[in-house]
Amino acid sequence: MKTTLTIATRKSPLALWQAEYVADQLRALEPDMSIELLPMSTRGDKLLDRSLAAIGGKGLFLKELEEAMAAGQADLAVHSMKDVPADLPAGFAVAAVLARHDPRDALVSPRYETLEQLPERARVGTSSLRRQAQLLATRPDLQIGALRGNVNTRLAKLDAGDYDAIVLAASGLQRLGMGERITQTIAPEISLPAVAQGALGIECLADNRPLIELLQRLEDRETRACVSAERAVSQALGGSCQMPLAGFAQVEGEQIRLRALLASPDGQRTLRAEAKGDLTSPVELGRQAADDLHHQGAAAIIEALK
C-alpha cells in the first residue's frame with residue numbers, strides 16, 4: 001500500500017466537502033498515511049448553459065476524474081452516488097459505499113414554508129426532470145425553470161429573485177452547513193428521491209486490490225444494498241437524466257422495501273412500483289420493480305422521452 005493517497009475531486013464546495021469527509025475517515029483508519037486532494041474541473045461543471053441531458057448525462061462529472069486515476073495522478077475519487085452511471089467504464093469499480101445521509105428533497109424559499117403555500121404559478125427552479133414531474137403532479141400550476149450550477153450558485157439565483165423557490169437535495173445543504181436554508185423536507189410520498197440520493201461512493205481502479213481492501217473498511221452494508229436495488233431499477237429501464245425516474249430503498253429488518261417511480265415530465269402520467277425482498281438480493285429486487293413498471297406501460301413513457 002502507498003504511503004500517500006490522492007483523491008480526485010470536483011472543485012465545487014460540496015464535492016470538496018465530500019472528498020475531505022472521506023479523507024478524514026481514511027486518516028482515522030491509517031494515521032500514518034498522507035491523504036491529498038486533487039481538485040479538478042469536469043465538463044459537467046463547465047457547461048452550465050445547457051441541461052445535462054443535452055450534453056451527455058451525469059457521467060460528465062466523472063470522466064476527468066477517471067482519466068486522472070487511469071493516468072496515475074490520483075488513486076481514488078469520491079462521488080455522490082446519484083451522479084454515477086449504472087455502468088462504469090471498464091477497469092473501474094465502486095470500492096465502497098458509505099452510510100447514507102438524508103435522502104430527501106428539500107424546498108428552499110425565502111418567503112414560503114411549504115409547497116402548499118407557494119402562490120399560483122409560482123416559479124420553482126430545479127435541474128431534475130424527476131423533481132419537475134413530481135412537483136407538477138402535486139401542483140400542475142407551478143412554473144418550472146431550469147436551474148444548474150453548484151449549491152451556492154443555485155441559492156444565489158434564488159436570493160436574487162429569479163425563483164420563488166428551488167428544490168435541492170437535503171443532504172447537500174446539510175453537508176455544507178446550510179441546513180437552516182431548508183424550509184421543507186419533502187416526504188418521499190410527494191417527491192420520491194433520486195436513485196442513490198444522499199449516498200457517497202468511492203471509485204478506484206478495479207485491479208488495485210490493496211486499495212480496495214482499505215476502502216471496504218468504510219463500506220456500509222445496508223446503504224450498499226439499498227443503492228444496489230435502486231441502481232438496478234435504473235439500469236433495467238436504461239435510466240438517465242433524460243428520464244423522470246426515482247428509486248428509494250429502505251432496510252426493514254433483514255429485508256429491503258423498494259419504491260420506484262417513472263413519470264412523464266409534465267407529471268400527467270405517473271407509474272409506481274413497490275417490492276420487498278431479502279437484504280442479500282438487492283439487484284433482483286430492483287429488476288422486479290423495473291418489470292412491474294414495464295408491465296404498467298413504462299415503454300410508452302420512455303419512447304415519448306426520445
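## Valine 233 and the largest core

In this predicted model, valine 233 touches Leu245, Leu258, Ala260, Gly286, Ala289, Ala290 and Leu293, leaving aside residues up to four places away in sequence. Valine 233 also belongs to the largest nonpolar core, which holds 23 residues. Val233, Leu237, Leu258, Leu262, Leu293 and Ala298 are the residues that touch the most other members of that core.

Helix α9 provides the largest share, five residues. A second core is separate and has 20 residues, among them Leu76, Ala95, Ile202 and Leu215. In soluble globular proteins, nonpolar side chains tend to be buried together.

## Alanine 236 in α9

Alanine 236 sits in helix α9, which spans residues 221–237. Is alanine 236 buried, exposed or partly exposed? Alanine 236 has a relative accessible area of 39%, so this residue counts as partly exposed. The cut-offs are under 20% for buried and over 50% for exposed.

Alanine 236 touches Ala290 and His294, again not counting residues up to four places away in sequence. Ala290 is also on the contact list of valine 233. Alanine 90 lies 146 residues from alanine 236 in sequence. The C-alpha to C-alpha separation of this pair is 19 Å.

## Helix α5 and its packing

Helix α5 covers residues 129–138. Its buried residues are Arg130, Arg131, Ala133, Gln134, Leu135 and Leu136. These buried residues pack against β5 (105–108), β6 (123–125), β7 (143–145), β8 (165–169), β11 (245–252) and β12 (255–263).

What caps the N-terminal end of α5? Serine 128 does, with a side-chain oxygen 3.2 Å from the backbone nitrogen of arginine 130.

## Strand β5 and its partners

Strand β5 is one of the strands that the buried residues of α5 pack against. Asp105 and Leu107 point one way from β5. Ala106 and Val108 point the other way. All four are buried.

Which strands pair with β5? Strand β8 runs antiparallel to β5, and four bridges join them. Strand β9 (residues 184–186) also pairs with β5 in the antiparallel sense, over three bridges.

Notes. Residues are numbered from 1 along each chain as its sequence is written. This is a predicted model: local features need pLDDT of at least 70, side-chain atom pairs count only at pLDDT 80 or more; totals for chains, interfaces and linings use all residues. Side-chain values use heavy atoms; hydrogens and water are left out. Buried means under 20% relative accessible area, exposed over 50%, partly exposed in between (1.4 Å probe, protein chains only). Helices (H or I, at least four residues) and strands (E, at least two) are DSSP runs, numbered from the N terminus. Contact means heavy atoms within 4.5 Å. A polar contact is a pair of N or O atoms within 3.5 Å; within protein, one must be able to donate a hydrogen and the other to accept it, and residues adjacent in sequence count only if both atoms are side-chain atoms. A nonpolar core is a set of buried Ala, Val, Leu, Ile, Met, Phe, Trp, Tyr and Cys residues joined through side-chain atoms within 4.5 Å. Two strands pair if DSSP finds at least two bridges between them.
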